[in-house]
Amino acid sequence: MKRGWRYRGLVAGLLLWPMLVSAKQHPTAECRWLHDRILILKQSIARGDTLGTREELARWQQEYQKKRCSQYDY
């Protein structure tokens with residue numbers, strides 16, 4: 001009886017292993033928003049809008065780094 005349960009656990013583990021290995025890290029909604037916001041602010045600065053934009057960009061970049069959002073693919 002014990003042997004049967006051990007094999008069931010092994011089979012379940014082997015079936016779940018590919019899902020765990022192939023799972024890609026997906027960005028959270030907040031990280032995605034931060035990434036998009038930073039891109040928009042950089043584009044605004046490139047077009048000449050600098051009134052408060054650089055300060056806001058610096059603030060969002062700090063938040064982006066603090067939340068470790070750079071580990072995700074965008």
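Tryptophan 60 is buried, because its relative accessible area is 17%, where buried denotes under 20% relative accessible area, exposed over 50% and partly exposed the range in between, with a 1.4 Å probe and protein chains only. The model is a predicted one, in which local features require pLDDT of at least 70 and side-chain atom pairs count only at pLDDT 80 or more, whereas totals for chains, interfaces and linings use all residues. Residues are numbered from 1 along each chain as its sequence is written, and side-chain values rest on heavy atoms, with hydrogens and water left out.

A search of the whole structure returns one aromatic pair. The ring centres of tryptophan 33 and tryptophan 60 lie 5.0 Å apart with their planes at 85°, so the pair is classed as edge-to-face; rings of Phe, Tyr and Trp (its six-membered ring) pair if their centres lie within 6.5 Å, and planes under 30 degrees apart count as stacked, over 60 as edge-to-face and the rest as tilted. This pair links distant parts of the chain, since tryptophan 33 belongs to helix H2 (residues 29-47) and tryptophan 60 to helix H3 (residues 53-66), 27 residues apart. Helices (H or I, at least four residues) and strands (E, at least two) are DSSP runs numbered from the N terminus. Tryptophan 33 counts as partly exposed, because its relative accessibility is 45%. The charged end of arginine 59 sits over the ring of tryptophan 60, 4.4 Å from its centre, a relation that requires NZ of Lys or CZ of Arg within 6 Å of the ring centre and within 35 degrees of the ring normal.

The 14 residues of H3 should span 20 Å at 1.5 Å a residue, and its end C-alpha atoms are 20 Å apart, which agrees; the expected span of a helix is 1.5 Å times one less than its number of residues. The buried residues of H3 are Thr53, Leu57, Trp60 and Tyr64. Seen down the helix axis, the buried residues of H3 fall within an arc of 70°, so they line one face of the helix, the arc being that of the directions from the helix axis to the C-beta atoms. On the other side of H3, Glu55, Gln62, Gln65 and Lys66 are exposed. Glutamine 65 has a relative accessible area of 62%, and its C-alpha atom is separated by 9.9 Å from that of cysteine 31, 34 residues apart along the chain. Just after H3, arginine 68 adopts a positive phi of about 55°.

H2 has 19 residues and reaches 27 Å from its first C-alpha to its last, close to the 27 Å expected at 1.5 Å a residue. Its buried residues are Cys31, Leu34, His35, Ile38, Leu41, Ser44 and Ile45, and these pack against H3. Threonine 53, in H3, is buried with a relative accessible area of 4% and touches Leu41, Ser44 and Ile45, not counting residues up to four places away in sequence, where contact means heavy atoms within 4.5 Å. H2 is followed by glycine 48, whose phi is positive, near 110°.

Over the protein as a whole, there are three helices and zero strands, and buried residues make up 18% of the 74 residues. Among contacts between residues at least 6 apart in sequence, 57% join residues at least 24 apart.
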